[in-house]
Amino acid sequence: MAFSLGDFSIVLPPIFITIFAIVILFFLVRWSKQLETGRYKVFIYFLISTHIGPVFSRDTKEGTFELWFPLGFIVVLFYMFLSKRKHPSKMKASILGCCVALYRLILHYAG
């Protein structure tokens, strides 16, 4: 959807992405209220968990093959495993971030 305003236009994402973003933001705000201090940490755990990166790359005659993996979620999982201060809200935010990373992986391979 695009709105023209003179010399520039505003382009909005598709409606299902907007709805998912609102739902994700709602959950993150709700979970951040469960923490006593450092409410912003839930958002940081979520953002780090959404990172995907290539773990294997190979050049072939047809092109380049890259195997992508949700590396951010693995990093957050190891950090939480070694950390003394574990909170369920942080784990929920990182799992939600892993779901977004898996969605990005599907888009990367299928799209």
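**The nonpolar core and the cysteines**

A: Leaving aside neighbours within four places in sequence, L35 is in contact with V42, H87 and K90; contact means heavy atoms within 4.5 Å. This is a predicted model, in which local features need pLDDT of at least 70, side-chain atom pairs count only at pLDDT 80 or more, and totals for chains, interfaces and linings use all residues. Residues are numbered from 1 along each chain as its sequence is written, and side-chain values use heavy atoms, with hydrogens and water left out.

L35 and V42 both belong to the largest nonpolar core, whose 8 residues also include I24, L28, W31, F46, A93 and L96. A nonpolar core is a set of buried Ala, Val, Leu, Ile, Met, Phe, Trp, Tyr and Cys residues joined through side-chain atoms within 4.5 Å; buried means under 20% relative accessible area, exposed over 50%, and partly exposed in between (1.4 Å probe, protein chains only). At least two residues of this core come from each of α1 (15–32), α2 and α4 (88–110), and α1 gives the most, with 3 residues. Helices (H or I, at least four residues) and strands (E, at least two) are DSSP runs, numbered from the N terminus.

Confidence in the protein chain is highest in helix α2 (residues 41–49), at a mean of 95, and lowest in strand β1 (residues 2–5), at 65; pLDDT is the predictor's confidence in each residue, from 0 to 100.

The whole structure holds 0 disulfides, a disulfide being a pair of cysteine sulfur atoms within 2.5 Å. The cysteine sulfur nearest to that of C98 belongs to C99, 6.0 Å away. C98 counts as buried, at 14% relative accessibility, whereas C99 is partly exposed, at 45%.
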